[in-house]
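User: Could you take a close look at the buried and paired side chains in this one? I'd like to know who sits where, and who meets whom.

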Amino acid sequence: MKKFELYHFRKQFPLLQNTSSPRHDKNGKHSAIVYFDNAATTQKPQKVIDSQQDYYCHYNANVHRASHQLSSKATFAFENSRTLVQGFIGAHSIKEIIWTKGATESINIVVQSMARNTLRPGDEIVLCASEHHANIVPWQIVAQQTGALIKILPLTKQGYIDVTKLDNIITDKTKFVACAHISNVLGRINPVEKVIAKAKSVGAISLIDGAQAVAHLAIDVEALDCDFYVFSAHKMYGPTGIGVLYGKKEHLEAMPPYQGGGEMIKTVSFTQETTFNSLPFKFEAGTPNIAAVIAFGESINLLAPYLADINKGYHLYEQELLNYCYQALAKIAQVNFIVEGIPDIGVIAFTLTGHHNHDVATSLDTYGVAIRSGHHCAMPLMANLNIDGCLRVSLAAYNTMAEIDYFIDSINKFLLEPCLEQENPVEKGQLTSTPTNDMADILTLFAKTKGWDSRHREIMLLGKKLPRLEKAQRNDETIIAGCESLAWLSVEQDNQGLFSFTADSDAKIIRGLLVIVFAAFNNKTAQKIHDVDINDYFAELGLMQHLSPSRGNGVLAIVDKIKLLAKP
Ligand code: PMP
């Protein structure tokens, strides 16, 4: 039990130092980060950071294997973390705590070791409509492997699993029920007790994805009575690359190993059957992430007393932050919350009328505010809500009211910025042709900019120059796969073999980047297009670090498509 004091708590996170109240530089901008992307990953306290370093500096050795002191010390610290996790989630035995890379790997272990070996064609797997891809795709894979079917639990208007539908969907055919304790988009604490009880009543196995719950709720897996509970350390102030699979011992005993290798065996022979180690080691093939396991213990030491505090200071402060942020957002006329009602934890999803979520998030970034935009690894939920993405603010107990004030101020400033003024969704005719800048023009323009903020502004302004495609041109043939905000590209070739590209995106920032890309490729032959060193060009423009191929704005996917279309 520990009394929560914001100052004391926040002080422990080095990345947040000197930012206890948002500061403004001479241009009125924030000079340090306001970090509101905690559902993606939390910041790390000094003790967690030090603990990894301490292991590497003072007792780095492999665990369980050697008969020397360093290894004993490492093994003791490593197993101590397992005991801490056991206490943290109220598991019956340390044998039920398996180290994994994270929630994703934990789910995959259950799916491939248990579900794949037990599902038969026609059996049903029940998921919920708001699941993270990590709790969808592994089940889709196993459904394909076994002939099982996936059924979906719908949501109420407030974004909870609709418990009135449990009896219809979870039936005698159901073999597995998997759902999130808390949705990473909606911030709703799902009625998992009811889901687990219903699964049990039909003899189905339940798996609860606790990735978003562990930093906010005291978890008791015995009380929940779920068969499996999974989570990652990095969302609860711990290191990345380490997570937990909790499973009831009887299930883990019956499951075959997920991976083979060292550590997970008892005996190995070329002449007799190899035998496997006891739990939990049967599921821990190879050298684990020892430093992260040990450091994870420190994050539990930090968090567990706050979650256990009967005065609920930590919890109440999180609720105050949530209320304050939600009410402030609700006062902005353009804000649309994606489901009804205030969330249960500080995860608030919304859109801004007239502005693409990537434009909002990248603009807020220039004010030093880190929030997330996109589908949040919940594409089926986005489809269900009929949106292609949204903004998500996710708060942690080290955030402050002053940061929320600054965030709200930044949104209001964004809404007033002339270069970002609201636009009609898809209008044609204002501009009739793609701007004819070449690379030299763009390089000259960017040479005058200083830093990402002014480059971002130029890109947004360029975005206004790109003529919009007509709706009919935005179709399945022209859509660019891999571009996180929707984008469409079409091409024409003249009788001299020169290619000209036109494109569109709902995000102004992507349209601006398209203008930059077209300056490199338009009016060139296929050979010239393939000769362009786009990485050099982006590097010269200072854009490289903003163009991540998978999670970023997908500009490299656009370049790939251009090269594909321009066949020599
Ligand atoms: N489930 C939920 C609800 C999540 O929010 C996340 C992470 N965003 C995951 C699963 C996957 O966690 P990890 O990437 O750490 O394996």
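C128 is buried, at a relative accessible area of 3% (buried is under 20%, exposed over 50% and partly exposed in between, with a 1.4 Å probe on protein chains only). This is a predicted model, where local features need pLDDT of at least 70, side-chain atom pairs count only at pLDDT 80 or more, and totals for chains, interfaces and linings use all residues. Numbering starts from 1 along each chain as its sequence is written, and side-chain values use heavy atoms, with hydrogens and water left out.

Back to the cysteines: the structure has 0 disulfides (a disulfide being two cysteine sulfur atoms within 2.5 Å). C128 is in none, and the nearest cysteine sulfur, in C179, is 6.2 Å off. C390 is buried too, at 0% relative accessibility. Its closest cysteine sulfur belongs to C377, 12 Å away and too far for a bond.

Now the charges. Side chains of opposite charge can pair when their charged atoms come close. Across the whole structure there are 17 salt bridges (a side-chain nitrogen of Lys or Arg within 4 Å of a carboxyl oxygen of Asp or Glu). One of them joins D37 to R372, 3.0 Å from N to O. That pair links distant parts of the chain, with D37 in the loop between β1 and α2 and R372 in strand β14, 335 residues apart (helices, H or I with at least four residues, and strands, E with at least two, are DSSP runs numbered from the N terminus). D37 is buried at 11% relative accessible area, while R372 is partly exposed at 23%.

E124 and K151 form another salt bridge, at 3.7 Å from N to O. E124 is in strand β3 and K151 in strand β4, so the bridge ties together parts 27 residues apart in sequence. E124 is buried at 6% relative accessibility; K151, at 29%, is partly exposed.

Then there's D227 with K248, whose closest N and O atoms are 3.9 Å apart. D227 sits in the loop between α8 and β7, and K248 in the loop between β8 and α9, 21 residues apart. Both ends count as buried, D227 at 10% and K248 at 13%. Through shared partners, salt bridges join K200, D225, D227 and K248 into one network.

D309 is another story: it's buried yet has no salt bridge, and K3, the nearest side chain of opposite charge, is 8.1 Å away (Lys and Arg count as positive, Asp and Glu as negative; His and the chain ends aren't counted). You'll find D309 in the loop between α10 and α11, where its side chain reaches the backbone nitrogen of N311 at 2.8 Å.

Last, helix α3, residues 69-89. Its 21 residues should span 30 Å at 1.5 Å a residue, and the end C-alpha atoms are 31 Å apart, which agrees (the expected span is 1.5 Å times one less than the number of residues). The buried residues of α3 include F78, E79, R82, V85 and F88. Among the elements covering the buried residues of α3 are α2, β2, α8, β7, β8 and α10 (contact means heavy atoms within 4.5 Å).

Methods: A polar contact is a pair of N or O atoms within 3.5 Å; within protein, one must be able to donate a hydrogen and the other to accept it, and residues adjacent in sequence count only if both atoms are side-chain atoms.
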